[in-house]
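Please look over this model before the points below.

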Amino acid sequence: MRSGSTFKDTDSATLFRMLLETAVDGILVIDERGDLLIYNDACEKLFGYLPDEVVGQNIRMLMPDPYRREHDGYLKAYRDTGEKKIIGIGREVMALRKDGSEFPIYLSVGEGQLDDKRVFVGIVHDITARRDATRQLQESQAELVHMSRFNEMGQMTSSLAHELNQPLAAIMNYLSAAGRTLSRMEAPEAARVRDLVQKASDQSARAGQIIRHLRDFVEKRDHNRSEEDINRLVEEAVDFALLGSDDLDVKVDIEFEDGLPPVFADRIQIQQVILNLARNAVEAMQECSLRRLSVTTSRHDEDFIRTSIADTGPGLAPEVAENLFKPFITTKEKGMGIGLSICWSIVDAHGGELWAEKNESGGTSFHFRLPSTPD
Ligand SMILES: Nc1ncnc2c1ncn2[C@@H]1O[C@H](COP(=O)(O)OP(=O)(O)OP(=O)(O)O)[C@@H](O)[C@H]1O
Ligand SMILES: [Mg+2]
């Protein structure tokens, strides 16, 4: 036996059987035509067929389309041209159970010789769990991104509504002054113009109402709060925040206080706060040589849990510091300047508080506290 082993040749058959029986992954051996020669115990569990039902049959029966349709072609192409699609490497493909259901596998294929005949050895690793975990991560990420867009829209609507209210009120004042002046005029056209001015005034009042409704709608959206473990929320959100910044090589320190009571919060919204703060921190450190993000949770006092996000960036620009939590304040070329104002509204709506501090060793810390639920 050429592979590393301390067994003597006489043990080979036993060893071989033991390997097949105990392997956690499926092991399949096929001949050049694709007919199954070996189908181990793990395969029974994976595919649901007994060995008698498959050995001697073509391996296509374990594959759903399009693999099933294409497999003969692969083998033929390999025989004729030596072109390798999967042999010697491996890849993720779909497999087919006896009951007709499909499942994802990682299939690696090696080539060997048995009695002068070419055979292929496939190792089948079920990746259903991994796929599910990846899908779950992608789904919550998509949900977070969606909610953050939704929140941004809400915040912008709110700010716009606020900004539009003032000029609208002024227009209405001017129109009513114009109407009063016109009613004192004798000219024959005055009544006609007064009527038009009244119509304009009615329409402005209507615009004001629409804006008020819009604001109410955005600000009183249903909350979706429940008891949440802040440490878990922080852990997930920091992971999201760091996605895509591998090359920045940010060193992350997370320090959780154990045994914190849960907070009563909207999971997505609070994760968005953490995400925005952590993103800002990472963005602030882009040009720095030392990039350290420290995230801590702790008991603030009897009633509040505090989360802190500290960076080693350049600190807040003075012009920003004055209006830190107002919308549309930004020093970034592509920034909207609404991240912090959204964080502020969310924390405030939760009965908490958000504030920033200069670190003694340089950089900035953002802290927010949320009311804890009673023990
Ligand atoms: N950790 C930080 N260190 C230094 N400056 C910061 C930090 N966090 C925020 N700032 C400053 O505050 C400004 C406002 O931040 P905010 O998150 O509201 O908007 P933004 O990051 O510019 O854009 P976006 O809307 O995409 O989040 C930033 O442009 C930046 O100048
Ligand atoms: Mg931001």
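1. Basis. This is a predicted model, with local features needing pLDDT of at least 70, side-chain atom pairs counting only at pLDDT 80 or more, and totals for chains, interfaces and linings using all residues. Residues are numbered from 1 along each chain as its sequence is written, chains are lettered from A and ligands numbered from 1 in the order written, and side-chain values use heavy atoms, without hydrogens or water.

2. Helix pair. Helix H8 spans residues 267-284 and helix H10 residues 339-349. Their axes come within 9 Å and cross at roughly 145°. Helices here are DSSP runs (H or I, at least four residues; strands are E, at least two), numbered from the N terminus. Axes are lines fitted to C-alpha atoms over the stretch in contact, with angles from 0 to 180 degrees between N-to-C directions.

3. Contact. H8 brings Gln269, Ile270, Gln272, Val273, Asn276, Leu277 and Asn280 against Gly339, Leu340, Ile342, Cys343, Ile346 and Val347 of H10. Contact means heavy atoms within 4.5 Å. These residues are eight nonpolar, five polar and no charged. Ala, Val, Leu, Ile, Met, Phe, Trp, Tyr, Cys and Pro count as nonpolar, Asp, Glu, Lys and Arg as charged, the others, Gly among them, as polar.

4. The largest pocket holds about 1100 Å³ of space. A pocket is an open set of points on a 1 Å grid over the protein atoms alone, where a 1.4 Å probe fits, with protein on both sides within 12 Å along at least five of seven lines; lining residues have an atom within 4 Å of a point. The volume is the space filled by probe spheres set on the points, joined across faces, edges and corners.

5. Lining. H8 gives the most, nine residues. Asn280, Glu283, Thr330, Lys332 and Gly335 are the closest to the centre, out of 38 lining residues.
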